[in-house]
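Please examine the sequence and the structure shown here before reading the report.

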Amino acid sequence: MKAPFIPLNAPYSDTQRAWLSGFFAGMHSHMLHSAGSVNQADARILHILFGSQTGNSESLANDAAASAKSHGLRPIVKSMDEVEIGQLAKMEYLLIITSTYGEGAMPDNAEMLWEAASGSDAPRMENLKYSVLALGDTSYDLFCQAGIDWDKRLEELGGKRLFERVDCDVDFEAPAEKWISEVVPLMAEGAATVAVIDTENHAGKSTYNRKNPFPAKLSVNRILTALDSSKETRHYEISIAGSGLSYEAGDAMCVIPTNCPELVADILKALGCAGDEEEPVNGELMKLSEALRTQFEIKLPSKELLEELAKRSGDQELNALLSAGNKDKLNDYLWGRDTLDLLLQFPAVEFSAAEFLRLLKPLQHRAYSISSSGKKYPDSVHLTVASVRYQAHDRQHKGVCSTYLADLAGEGGEVKIFFTPNNNFRVPNDDSLPMIMVGPGTGIAPFRAFLQEREFRNASGKNWLFFGDRNAATDFIYRDEIEAMRASGLLTRLDLAFSRDQAEKIYVQDRMLEHGAELYAWLEQGGYFFVCGDAYRMAKDVDQALHDVVRLHGNKTVTQAVDYVNQLKKDKRYVRDVY
Ligand SMILES: Cc1cc2nc3c(=O)[nH]c(=O)nc-3n(C[C@H](O)[C@H](O)[C@H](O)COP(=O)(O)OP(=O)(O)OC[C@H]3O[C@@H](n4cnc5c(N)ncnc54)[C@H](O)[C@@H]3O)c2cc1C
Ligand SMILES: NC(=O)c1ccc[n+]([C@@H]2O[C@H](COP(=O)([O-])OP(=O)(O)OC[C@H]3O[C@@H](n4cnc5c(N)ncnc54)[C@H](OP(=O)(O)O)[C@@H]3O)[C@@H](O)[C@H]2O)c1
Ligand SMILES: Cc1cc2nc3c(=O)[nH]c(=O)nc-3n(C[C@H](O)[C@H](O)[C@H](O)COP(=O)(O)O)c2cc1C
């Protein structure tokens with residue numbers, strides 16, 4: 001039952017004041033009011049744990065907390081790495097909101113709690129009432145696996161599922177909102193509650209977000225790699241002047257692209273459509289060509305399209321690849337193949353315009369780690385983007401968003417953007433602590449921002465950058481800036497690994513191992529260890545190298561090295577921004 005609201009000017013006792021300020025420490029600036037006959041401390045606690053890599057689950061956890069407060073509950077929002085298994089086992093009402101990363105894996109901040117919860121010695125949780133919201137992306141094989149794993153495990157440990165798990169695709173807002181609106185009243189059922197009036201001051205907060213992106217101006221589009229490089233990496237500056245938006249070093253900015261008109265034309269040709277056919281899209285009639293350009297993912301083939309092509313063509317190879325157990329082979333087959341390649345491969349399969357649109361997914365934004373400090377550049381955002389261009393299946397292919405920025409948006413043109421904060425990936429609050437940054441390729445992006453931030457703050461802490469790319473002569477991006485930082489002393493150490501300048505590959509992790517003793521010493525001095533860039537190969541190898549450094553130079557066993565690295569993660573001194 002909900003307690004009645006009492007007037008804003010109700011008098012508080014000193015104890016109440018102390019309780020209120022304690023309770024709200026670290027939470028949003030809501031104002032809580034006494035609930036008449038219900039003692040504050042009796043209100044039911046709702047724990048909300050999030051597993052999040054790029055902030056989506058974290059922001060939904062805060063939305064759920066706001067809803068919980070309005071239902072008179074006492075929400076406690078925590079990142080999963082702030083909770084021990086023993087604490088989890090004592091919780092009675094729990095919402096878990098988690099994304100999935102890697103290949104069906106937990107986000108970094110959920111890893112350790114999961115390890116404890118999935119172990120054979122995990123405590124029973126008979127008193128637990130819980131529900132799980134899983135975020136993911138259906139283009140990955142193991143869709144929402146982390147959420148599925150939590151849901152199953154909590155039940156195995158004796159927890160009672162109060163509300164069915166909801167799995168959200170990239171368009172997560174509406175299903176997440178629905179889950180919150182349905183699960184929170186269930187969590188509040190039968191509870192003694194505290195009435196809450198939300199008086200958060202929203203003034204000054206920008207209203208731009210994924211659903212309402214800011215139409216920013218692209219002011220700089222400059223190529224960073226040499227013209228004869230084997231790759232193309234560009235520096236962009238995007239003006240946010242007048243938007244009310246602000247950002248922190250470590251945040252990502254998302255760009256909502258449009259598709260390449262030539263690709264749209266080629267797809268229309270393959271479909272045998274003119275493009276001016278009017279089709280219903282999101283409740284409105286739209287020309288097919290415009291719908292393909294602005295509304296749908298037309299490069300990366302959807303699973304639905306693949307399955308329909310397999311069914312209609314009867315093609316043995318494709319049908320075999322889509323059958324269970326052939327995940328890796330299917331991925332190999334799809335690497336570099338786009339929707340147009342598939343349409344051209346099966347010309348006998350015909351789709352009407354409406355049928356084809358039903359098989360496509362909505363066009364999604366792409367995230368980019370911001371490469372500037374918001375303190376140094378409050379009115380603009382810098383990005384460092386590798387343009388995806390490759391030859392395959394007798395055609396030149398282009399990545400949607402990286403080449404939208406490179407070729408289509410144009411300097412002075414409009415680019416729709418919004419921010420996703422990454423609260424774990426931050427320059428340390430303590431300016432005196434060392435920072436170790438590992439960022440090959442575009443992984444350099446947030447570290448350019450971090451170094452600008454440290455310079456701006458006049459921070460005394462040491463800074464060490466591991467950077468690398470293919471060839472020094474063509475791919476040493478931001479070379480002048482980096483060398484100037486080294487010369488000024490802002491960069492205490494710089495270690496470079498150009499992989500293709502010699503016969504054998506040399507990578508950043510080789511440099512880490514070469515300088516392992518010093519690296520370990522920096523960690524022992526309280527240093528932070530940051531990694532950004534490729535998630536699938538580089539980040540895994542760098543993680544292994546970090547364990548090796550700790551083991552070799554800290555004179556530890558393998559298990560002790562794992563514990564040491566886990567402690568770094570727990571202390572948020574080993575954090576990653578990997579993709
Ligand atoms: C949090 C986060 C931060 C990020 N930060 C950055 C950043 O700072 N800089 C940056 O450049 N990117 C960054 N990315 C990656 C970025 O979001 C996009 O994934 C990237 O720009 C590619 O998008 P696209 O639309 O151009 O390509 P898409 O249209 O998405 O095409 C990519 C696909 O093309 C195919 N492909 C790519 N290369 C090849 C090849 N050589 N051969 C065959 N097939 C190939 C693969 O199928 C691949 O999946 C980040 C991602 C995340 C999640
Ligand atoms: N998941 C994804 O879709 C994903 C992930 C990362 C990057 N990308 C995209 O790939 C493009 C280029 O990315 P990028 O410039 O950041 O990086 P990159 O070109 O992939 O690589 C940068 C450097 O890292 C090296 N490298 C390769 N394997 C490594 C490993 N196991 N350990 C350490 N270093 C390794 C590369 O060496 P060699 O090439 O010589 O081996 C190169 O010197 C971008 O479009 C980016 O968005 C996509
Ligand atoms: C590198 C990478 C790997 C991912 N792996 C998966 C996956 O295996 N399964 C899945 O369903 N979603 C996967 N996703 C999608 C994320 O779970 C999804 O974007 C989610 O909204 C992110 O939420 P967060 O910001 O709270 O981390 C992946 C995303 C990235 C960038």
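## Basis and confidence

This is a predicted model, in which local features need pLDDT of at least 70, side-chain atom pairs count only at pLDDT 80 or more, and totals for chains, interfaces and linings use all residues. Residues are numbered from 1 along each chain as its sequence is written, chains are lettered from A and ligands numbered from 1 in the order in which they are written, and side-chain values use heavy atoms, without hydrogens and water.

The average pLDDT of the chain (the predictor's confidence in each residue, from 0 to 100) is 91, and 91% of the residues score at least 70. Residues 1-37 have a pLDDT below 50, yet this stretch makes 65 contacts beyond near neighbours in sequence; a contact means heavy atoms within 4.5 Å. Residues 199-204 also stay under 50 in pLDDT, with 8 contacts beyond four places in sequence.

## Annotated domain

An unreviewed UniProt entry annotates residues 46-184 as "domain: Flavodoxin-like"; such annotations, given in the numbering used here with shortened feature names, may be inferred rather than shown by experiment. The span is 38% helix and 22% strand, and its end C-alpha atoms lie 9 Å apart. Helices (H or I, at least four residues) and strands (E, at least two) are DSSP runs, numbered from the N terminus.

## Surroundings of ligand 3

Ligand 3 is surrounded by 21 residues, the closest being Ser52, Gln53, Thr54, Thr100 and Cys144; a residue counts if one of its heavy atoms lies within 4 Å. By class, this shell holds 8 nonpolar, 11 polar and 2 charged residues. Here Ala, Val, Leu, Ile, Met, Phe, Trp, Tyr, Cys and Pro count as nonpolar, Asp, Glu, Lys and Arg as charged, and the others, Gly among them, as polar.

A backbone N or O atom of Leu142 is 3.0 Å from a nitrogen atom of ligand 3. On its own, ligand 3 has 640 Å² of accessible area (Shrake-Rupley method, 1.4 Å probe), and the protein covers 91% of that.

## Surroundings of ligand 1

Around ligand 1 there are 22 residues, with Arg366, Ala367, Tyr368, Cys401 and Ser402 the closest. The shell comprises 12 nonpolar, 7 polar and 3 charged residues. Its largest share, 4 residues, comes from β14.

A backbone N or O atom of Cys401 lies 2.7 Å from an oxygen atom of ligand 1. The protein buries 76% of the 990 Å² that ligand 1 exposes when taken alone.

Notes
Polar contact = N/O pair within 3.5 Å; in protein donor to acceptor, adjacent residues only side chain to side chain.
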